[in-house]
Amino acid sequence: MLDVSTAYQRYRFLGDEFLTWLWFCIEKDQKLFTAADADCTALEIGNRMVLENRKTKSVERITIKGDDAGLEEGRLALRKGALVSEMALVFKTGEYQWQFSVKGESLNISNLKTPGATAPQGPEQLEPFLLERFDFINKIIFFIENLYKLFIRARLSSQWVSKQVPSIRKWIEAADG
Amino acid sequence: MAITRYRVEGKLAGAATEAVRRGLQKNAIAEIDNEAEETATGWTSFESPFFPSFEGSSFLFGPLYVFSMRVDRKSVSAKLIRKHLGIAVADRLAKTKKQFLSKDEKTALKENVLKDLLVRMPSTPSVYDLAWDYEHASVFFFSTLRAANEKLEGLFKRSFNLGLIRIFPFTAADSLAGLSDSERDVLIGLSSTQFSS
C-alpha cells in the first residue's frame, strides 16, 4: 500500500496528462463526452488555462486567461514539453451550463458555478435548495470522474503508446490545430 | 465554490444517523472566546454555524448529512506581546524593587501576558461546509485549502472512526476506475508520457 503523500507526488503527472488529453479531446473528439454524460451537448475550454513544464531545471509556468484568449501560446508550450496543470471548463447540456476549473495534481474542482438558485428563498426552501444544488454538483463530479475513468482505461491500454500518443503529438504539432 | 472529494472507508456501527449525531455532538466546536486558547476545531451546524446544534434531523437533508467544520483562531502579534510584556516587566520591577528579572521570571511573565491577551482577544472563525452521502461513501468538502483538508481528515477520524481517502489522480484511478489486479500493476508502474517530439 502506497503512502498517501508518496502516491500524490509520484502520480501527479496523471492529472496533468488527463487535462492535456482532455484539451485534445475537446478539439478532436467531442463524441467522447456523451459517453461520460448522455446530456452533454458540449464541453468547452473556459477563460483560464495553466501549463507547467517540469522538464526544465525550474518549473516553467504559463497562464493563459481572458474570455478571448487564444491558445496558441499553450500549444507552443506543449511542443516544448509542458502539460496542462489547470483548466477552466464549460459543460453544457441542452438547458443548463456549468463553469468550473480542474487542477491536475489534485483533481480538485474550483470556481464552480452551477445552474439553479444561488440562495434559498426561505427556511422551508433550504432542503430543496440544498438537494438541487447537490444534484447539480454531483452531475459535474460524475462527469469528470467518468472522463477520468475513460482516460485511465486509455492510459493503461497498449493503444496508448501505439495510437493515442501519436495522435496527440500530431495535434500538438499541427500549426492550426 | 471549491470542492475536495473523499471516499469514506468503512461503515458506522449501528444506526448511522444516531452514530453521526453522537460524533458531531462529542466533537462540536468549543467556544474559546474569554478562554486562554489560541485555536479550536470542531463541528458546527450548517444552518447556524455560530450556534451549533445537532438536535432532531437538523443535519439530515434527504440522503445527505450536511454540516460544517469550524476552525476558530486567535492571532496575537509579536509586537503586541512585546508591548504588554514590557509593561508587565516594568510593573513587576517596581513592585519588587528589583533591578532585573531572572530568565525564569521573564518566561513565566510572558506566558501570563500571552494568556491574558488570549482571554481578551476574540477568535476569528473559518467555516467549511461538507456534504456526506453515506450510502455512496462519498464526502464533498467545500474547501481546497490544504490546512483545512488536513484538519477535516483528523476530525472526521476522531468523530466517526472512519477514514477519508482524498481523491487525487492516483486514488481516483485506483478506487474509481474498477481496475483488475493486472491493471493495477500497470498503474503502479506508470511513468509520465512524452507528448512533445
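## Chain A: overall form

Chain A of this predicted model has a radius of gyration of 18 Å, which agrees with the value near 16 Å that a compact globule of 177 residues would have. Along its principal axes, the C-alpha trace of chain A spans about 55 × 45 × 30 Å, and 31% of the 177 residues of the chain count as buried.

The secondary structure of chain A consists of 6 helices and 5 strands, and these elements follow the pattern α-α-α-β-β-α-β-β-β-α-α when read along the sequence. Among the contacts in chain A with a separation of 6 or more, 55% are made by residues 24 or more positions apart.

## Chain B: overall form

Chain B contains 6 helices and 7 strands, which run from the N terminus in the order β-α-β-β-β-α-α-β-β-α-β-α-α. Its radius of gyration is 24 Å, well over the 16 Å given by the globule rule for 197 residues, and chain B is therefore more spread out than a compact globule. In keeping with the topic of overall extent, the C-alpha atoms of chain B fill a box of roughly 80 × 60 × 30 Å, taken along the principal axes.

Of the 197 residues of chain B, 25% count as buried. Where contacts in chain B have a separation of 6 or more, residues 24 or more positions apart account for 66% of them.

Chain B is divided into two parts, with domain 1 made up of residues 4–74 + 122–188 and domain 2 of residues 78–120. The C-alpha centres of domain 1 and domain 2 of chain B lie 41 Å apart.

Helix H2 of chain B covers residues 78–96, and the 26 Å from the first C-alpha of this 19-residue helix to its last is close to the 27 Å expected at 1.5 Å a residue. Because the number of buried residues among the 19 of H2(B) is 0, this helix lies largely in the open. H2(B) is followed by Lys97(B), a residue whose phi is positive, near 55°.

## Where the chains meet

Between the two chains, 38 residues of chain A are in contact with 30 residues of chain B. On the side of chain A that touches chain B, at least two residues each are supplied by helix H1 (4–10), helix H2 (12–28), helix H4 (72–79), strand E5 (109–113), helix H5 (126–156) and helix H6 (159–173) of chain A. H5(A) gives the most to this side, with 13 residues. Sorted by class, the side of chain A that touches chain B has 22 nonpolar, 6 polar and 10 charged residues.

In soluble globular proteins, nonpolar side chains tend to be buried together. Here the largest nonpolar core has 70 residues, and those with the most contacts inside it are Leu22(A), Met87(A), Val102(A) and Ile140(A), together with Leu130(B) and Phe141(B). The largest share of this core comes from H5(A), which contributes 11 residues; H5(A) is also the element that gives the most to the side of chain A that touches chain B.

Ile140(A), one of the residues with the most contacts inside the core, is in contact with Phe91(A), Trp98(A), Phe100(A) and Leu112(A), once its neighbours within four places in sequence are left aside.

Terms used
Residues numbered from 1 in each chain as written. Chains lettered and ligands numbered in written order. Helix = DSSP H or I, 4+ residues; strand = E, 2+ residues; numbered from the N terminus. Expected span 1.5 Å × (residues − 1). Buried ≥ 20, exposed ≤ 12 C-beta atoms within 10 Å, placed from the backbone. Domains from an automatic or database assignment. Contact = placed C-beta atoms within 7 Å. Nonpolar A, V, L, I, M, F, W, Y, C, P; charged D, E, K, R; others polar. Core = buried A, V, L, I, M, F, W, Y, C linked by C-beta atoms within 7 Å. Rg over C-alpha atoms; globule rule 2.2 N^0.38 Å.
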